[in-house]
Amino acid sequence: MAVAQAAEQGVAQRIKGEVERAIQRSIKGLEYLASPAPAVGLTPKDIIYRRGTLNLYHYRPLCDDVYRMPLLLVMATTNKAYVFDLAPGQSLIEFLLRQGYDVFVIDWDPPRPDEKGLGFEDYVLDFIPSCIQRVQERSETDDVTLIGYCMGGVLSAMYAALHADGPVKNLAFFTTPTDWSQMKLMTNWTDRRYFDVDRLVDSLGIIPSDVVAAGFDMQRPTQRVVGNIRLWDNMWNDQFVKSYRMFERWGNDTLPLAGEYFRQIVKELLWDNKLVNGGLKLGGQVVDLRNIKVPVLHITAEHDHLVPQDCAKALIANVGSDDKEEVMLKGGHVSLVAGPNAIKRMWPKLDQWLGARCT
C-alpha cells in the first residue's frame, strides 16, 4: 500500500513539474519575443586602429602582472569577434586577461562597396602586418603570438608562411580548414561544372551575408529547426535561454564578403586546394606552409560540421615546425571556443600552451 501511494505521489509530482514547465514556457516565450537582444562583448577595450572593414581592439588588463608577449587574435572574416567575449564568465578574452595576457583582436565589419576588390593579398600583406605593427608599438615589444579562428587561421597561416623571419613567435589555431578537398559539402556546392563564381562576383561585387549563411546552413540543414525545438523545450530554463540567445545573435551576424576574396576562396582553395597542393602566390611569393618553423598549436573540434577533422589535420602535417601539436576536443565549431565545453577544455589547454611560450 505504501509503495503504491509513493508511486502515485511520484507521478503527481512529475505531472505537476511538467505543468509548471509548460506554464513557464508560455510566459517566457512571450518575454523572449518581446525582449531586446542580449548585450555581448562587454569586456572593456579600446579601438586603436580602424580602416574600412578592419577594426583592431586592445583589451584593458585585468591583473597587475602581464606577460611580455602580446596575443593577437584574428577573427574569421565571416563573423564578428564577440564570440570570444560573449558575457562575463563566458568570455575567452576575459579568461586570457585574468591569466595575465595582453590581448588584441582583429575584428571585421561588412566590407564597403568600394572594398569589393579586397583579396587575400589585402588581408595577408596589408591588414595583418598593419595590425601587428600597432600591436608592437602599443605593447613596446617586437614579438607577437598570433591566434587564428577558422578562416582567420587560414589568413594567419598564410601570413606566417610568408614572414618566416618574424615577428610572429608562436602560432595557435582554432579549427582551421587546410585540406579543402575534404570540405565535401562545400566543394559539392561550388562544383566548378555548375557554379559560375565569376558571374556571381562580377554581378554582385559584394557577396551578401545570406548567401554566406546559406553555405553554412547547407552543411547542417536541420540545425535551425533542431535549435528551435531545443529552445522551446528549455524555455523555462533562464540560463539555457540566455546562452542560446547569445549564440543565436552571433550566428545571425554573418558578414558579407568582398567579391574578390570570395572568388579566391572558391578558385584557389576549394577548387585547386593550393594550401596543401602548393602554387598559391601572394604578392609574387609562394605560400608554403613548410616555411612555418615557430611553435604551433592547432585545436580542433570532434563534432565540427564546418571544418571536418580530415580537413583540419592537414595543418599540423604540413607546417615545418618541430614544436607542433594538434589537440582534438569535444565540441563543435563554435562551442570549441565559447560555452561550457570551452571553459572546461579549450581555455585551460590554450593557457597551458601559451604560458610556456609567452614569457
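Pro-167 sits in the loop that runs between helix 4 and strand 6 (168-174); helices (H or I, at least four residues) and strands (E, at least two) are DSSP runs numbered from the N terminus. The peptide bond from Gly-166 to Pro-167 is cis, and its omega is near 10 degrees.

## Basis of the model

This is a predicted model, in which local features need pLDDT of at least 70 and side-chain atom pairs count only at pLDDT 80 or more, while totals for chains, interfaces and linings use all residues. Residues are numbered from 1 along each chain as its sequence is written, and side-chain values use heavy atoms, with hydrogens and water left out.

## Overall composition

The protein has 14 helices and twelve strands. Of its 359 residues, 52% are buried, where buried means under 20% relative accessible area, exposed over 50% and partly exposed in between (1.4 Å probe, protein chains only).

## Helix 4 against helix 10

The axes of helix 4 (residues 151-162) and helix 10 (residues 259-271) cross at roughly 75 degrees and come within 14 Å. Helix 4 is therefore roughly perpendicular to helix 10. Axes are lines fitted to C-alpha atoms, for helices over the stretch in contact, with angles from 0 to 180 degrees between N-to-C directions; under 35 degrees counts as roughly parallel, over 145 as roughly antiparallel, 65 to 115 as roughly perpendicular and the rest as oblique.

From helix 4, Met-151, Val-154 and Leu-155 meet Tyr-261, Ile-265 and Leu-269 of helix 10, contact being heavy atoms within 4.5 Å. The residues of this contact are six nonpolar, no polar and no charged.

## Thr-187 and Leu-270

Thr-187 belongs to helix 5 (residues 184-189). Thr-187 and Leu-270 are 83 residues apart in sequence, with their C-alpha atoms 6.0 Å apart. Not counting residues up to four places away in sequence, Thr-187 touches Trp-180 and Leu-270.

## His-58 in strand 2

His-58 lies in strand 2 (residues 54-59) and counts as buried because its relative accessibility is 11%. Its side chain makes a polar contact with the side chain of Arg-138 at 3.1 Å. Leaving aside neighbours within four places in sequence, the residues in contact with His-58 include Asp-46, Asp-102, Phe-104 and Arg-138. A polar contact is a pair of N or O atoms within 3.5 Å; within protein, one must be able to donate a hydrogen and the other to accept it, and residues adjacent in sequence count only if both atoms are side-chain atoms.

Key:
Nonpolar A, V, L, I, M, F, W, Y, C, P; charged D, E, K, R; others polar.
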